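User: I am new to this kind of model and would like to learn how to read it feature by feature. Could you guide me through it, giving the general idea and then the case at hand?

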Amino acid sequence: PAPGCHSSVAGTAREASSVFLKTGRPRSSSMGRRSWCLLLLGVLVAYCIYTPLPENIEEPMPINTPLKALAHLVSLQFFEFQMVPPTSHKNVIVTDTKFNNTPVRVYVPRRKSDTLRRSVFYIHGGGWVLGSAAFISYDLLSERTADRLNAVVVSTNYRLAPKYHFPVQFEDVYDALKWFLRKNILEEYGVDPGRIAVSGDSAGGNLAAAVAQQLLDDPDVKIRLKIQSLIYPALQTLDVETPSYQDNAHMPVLPKSLAIRFYSNYITSDSALRKAMMSNQHVPVEAAPLFKLVNWSSLLPERFLKGHVYKAPTFGSSELARKHPGFLDVRVAPLLAADSKLRDLPLTYLVTCQYDVVRDDGLMYVRRLRDAGVPVTHNHLEDGFHGILSFPVLSFKIYYRLVDEYIGWLDENL
Ligand SMILES: *[C@@H]1O[C@H](CO)[C@@H](O)[C@H](O)[C@H]1NC(C)=O
């Protein structure tokens, strides 16, 4: 790849991890350079795989050219390099196990505790397509959370698209969470049932919002979450021409075409949905009443509306929605929940980034939750972009600021 990238990439993740953990800051410049190379490689590969093909080329399969096949291979390697085994640290014991068949990674502090511990159930991001609790960035975050809060952190996995589609991802996460919330499991981990948070970033923030809503209606679960923490979550599929989608359509890490590819892949491999979403004409006229729940013209603060004119939605085929009803499902688009449902949600921490296509999803959820009477701490990062938590090296100043604010807020409120 780029000059300076020839040293052992496999070792880098582990090495970077130990540097982070020891100093709390990336230190050596050679580590910095190698991580940069890794990162660039990853972004390039993601672009190769996920940038849309010209519309006149049909896509029989997700991978249809030698270049893409190669890119796919390289990306698998790349993501393998990002995986770290469960490694216990000075203060935290880390183990991989299964909660009701879903693989999870559990972080238990070594420090003695006279009282029951707080707990964070974490859901990783990656567009429902990528990612793992074992990714170095998530592993670091969970370890750090467990250590600083003296809390039990459960970082869950779930089966990924395009091999699996909705509702598999949602159900894997929900089943693991329900398993964790059982009385005997909480006792086993010494967790206080009154002090549990669900948290996630990006697609994980989407799943966190969705499972928090689902729990409210579940007769099997007596426990109430104390907190939901949603970090730059994607929350709706109805309108992909919000001001943030328009303004950040070509923003690196998550351009609009990639966001739509992720969302449509979550629902189905049928490219008809993706194409309809690209022109924002995927919602059938029967679903028209739902638009008021994502009406950015009435839900966004004034300053985000500047330079944007709200247009009435253009409706698409009813056939598409009949074939793939997932994109209108509240478990895929938590912004579609009624106010009467939102009212019962727990104390909320929500992060939005200025340079992010899904920024307005978060802004609208903040507004709707507050209108419904839910207390929300909204952390808007003026210089933020999507995926900060996955790119500690690219963004390390803002990464540390976000992690600090996030864990600090949990410490005060959980
Ligand atoms: C959206 O809100 C605006 C007012 O801010 C209103 O004029 C428009 O009719 C609404 N559209 C929908 C589809 O709810």
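Analyst: Helices (H or I, at least four residues) and strands (E, at least two) are DSSP runs numbered from the N terminus. The model is predicted, so local features need pLDDT of at least 70 and side-chain atom pairs pLDDT 80 or more, while totals for chains, interfaces and linings use all residues. Residues are numbered from 1 along each chain as its sequence is written, and side-chain values use heavy atoms, without hydrogens and water.

User: At what angle do H5 and H7 pack, and how far apart are their axes?

Analyst: Two packed helices are described by the angle between their axes and the distance between the axes. Here H5 (residues 168-180) and H7 (residues 203-216) pack at about 60°, with axes 10 Å apart, the axes being lines fitted to C-alpha atoms over the stretch in contact, and angles running from 0 to 180 degrees between N-to-C directions. H5 is therefore oblique to H7, since angles under 35 degrees count as roughly parallel, over 145 as roughly antiparallel, 65 to 115 as roughly perpendicular and the rest as oblique.

User: How do H4 and H16 pack?

Analyst: H4 (residues 136-149) and H16 (residues 396-413) have axes 10 Å apart at an angle of about 40°, which means that H4 is oblique to H16. The crossing of H4 and H16 is right-handed.

User: Where do Pro-162 and Pro-167 lie?

Analyst: Pro-162 sits in the loop between strand S4 (152-156) and H5, and Pro-167 is in the loop between S4 and H5 too. The bond from Ala-161 to Pro-162 is cis, with omega near 0°, and a cis peptide bond with omega of about 10° joins Phe-166 to Pro-167.

User: Which residues surround the ligand?

Analyst: A residue is near a molecule if one of its heavy atoms lies within 4 Å of it; here Phe-291, Lys-292, Asn-295, Ser-297, Ser-298 and Tyr-310 surround the ligand. A polar contact is a pair of N or O atoms within 3.5 Å: a polar side-chain atom of Asn-295 lies 2.3 Å from a ligand oxygen atom, and a side-chain N or O atom of Ser-297 lies 2.8 Å from an oxygen atom of the ligand. The protein covers 48% of the 360 Å² of accessible area (Shrake-Rupley method, 1.4 Å probe) that the ligand has on its own.

Note on methods: A polar contact is a pair of N or O atoms within 3.5 Å; within protein, one must be able to donate a hydrogen and the other to accept it, and residues adjacent in sequence count only if both atoms are side-chain atoms. A crossing is left-handed if the near helix is turned anticlockwise from the far one by less than a right angle, and right-handed if clockwise.
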